[in-house]
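Morning, everyone. Please have the structure open on your screens while I talk.

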Amino acid sequence: MKAIWNGQIIAESNDTKVIENNHYFPPEAIKKEFFKSSTTHTNCPWKGMASYYTVEVDGKENQDAAWYYPETSDLAKQIKGYVAFWKGVEVVE
């Protein structure tokens with residue numbers, strides 16, 4: 001799977017985990033040069049507290065376009081640290 005934004009592949013992996021129709025990419029699959037930590041956090045009742053990244057490609061920012069769970073509940077431990085996308089980031093095979 002590939003995550004693409006602003007014409008750039010920002011993550012790529014053959015080992016994503018699919019939960020609630022979202023592909024979660026292993027942490028080593030993201031191209032860290034395109035990711036900036038965000039102060040945004042949200043809570044999922046069954047996965048835990050999510051943290052966010054802002055994606056930046058060629059000077060364009062996509063605020064909070066990626067999220068991950070640094071710590072998870074026991075039910076979601078298979079995606080601990082894995083990164084998922086929204087806000088126009090295209091995830092394709």
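Phe 25, Phe 35, Tyr 53, Tyr 68 and Phe 85 form one aromatic cluster. Keep in mind that this is a predicted model. The structure holds 6 aromatic pairs. I'll take two.

Start with Phe 35 and Tyr 53. Their ring centres sit 5.4 Å apart, with the planes at 80 degrees, so this pair is edge-to-face. Phe 35 belongs to strand S5, residues 35-44, and Tyr 53 to strand S6, so the pair ties together parts that are 18 residues apart in sequence. The cut-off for buried is under 20%.

Next, Phe 35 with Phe 85. This aromatic pair is tilted: 6.1 Å from centre to centre, and 55 degrees between the planes. It links distant parts of the chain, with Phe 35 in strand S5 and Phe 85 in strand S8, 50 residues apart. Both Phe 35 and Phe 85 are buried.

Now the core. Which residues touch the most other members of the largest nonpolar core? Ile 10, Phe 35, Val 55 and Phe 85 do, out of 19 residues. Strands S1 (2-5), S2 (8-12), S6 (48-57), S7 (60-68) and S8 (83-85) each give two or more residues to this core. Look at Ile 10. Beyond four places away in sequence, Ile 10 touches residues including Ile 4, Ala 29, Phe 35, Val 55, Phe 85 and Val 89. There is also a second, separate core of 11 residues, and Ile 19, Tyr 52, Ile 79 and Ala 84 are among them.

On to the sheet. Three strands make an open sheet in the order S2-S1-S9, with antiparallel pairing. S2 and strand S9 (90-92) are the edge strands, each pairing on one side only. From one strand to the next, the twist averages 30 degrees. S1 and S2 are joined by 4 bridges. Lys 2 stands opposite Glu 12 in S2.

Last stop, Glu 61. This residue is found in strand S7. Its relative accessible area is 44%, so Glu 61 is partly exposed. Which side chain makes a polar contact of 2.4 Å with that of Glu 61? The side chain of Lys 36 does. Leaving out residues up to four places away in sequence, Glu 61 also touches Trp 5, Thr 54, Val 55 and Glu 56. Thr 40 is 21 residues from Glu 61 along the chain, and their C-alpha atoms are separated by 15 Å.

How values were computed:
Residues are numbered from 1 along each chain as its sequence is written. This is a predicted model: local features need pLDDT of at least 70, side-chain atom pairs count only at pLDDT 80 or more; totals for chains, interfaces and linings use all residues. Side-chain values use heavy atoms; hydrogens and water are left out. A nonpolar core is a set of buried Ala, Val, Leu, Ile, Met, Phe, Trp, Tyr and Cys residues joined through side-chain atoms within 4.5 Å. Buried means under 20% relative accessible area, exposed over 50%, partly exposed in between (1.4 Å probe, protein chains only). Contact means heavy atoms within 4.5 Å. A polar contact is a pair of N or O atoms within 3.5 Å; within protein, one must be able to donate a hydrogen and the other to accept it, and residues adjacent in sequence count only if both atoms are side-chain atoms. Two strands pair if DSSP finds at least two bridges between them. Axes are lines fitted to C-alpha atoms, for helices over the stretch in contact, and angles run from 0 to 180 degrees between N-to-C directions. Rings of Phe, Tyr and Trp (its six-membered ring) pair if their centres lie within 6.5 Å; planes under 30 degrees apart count as stacked, over 60 as edge-to-face and the rest as tilted.
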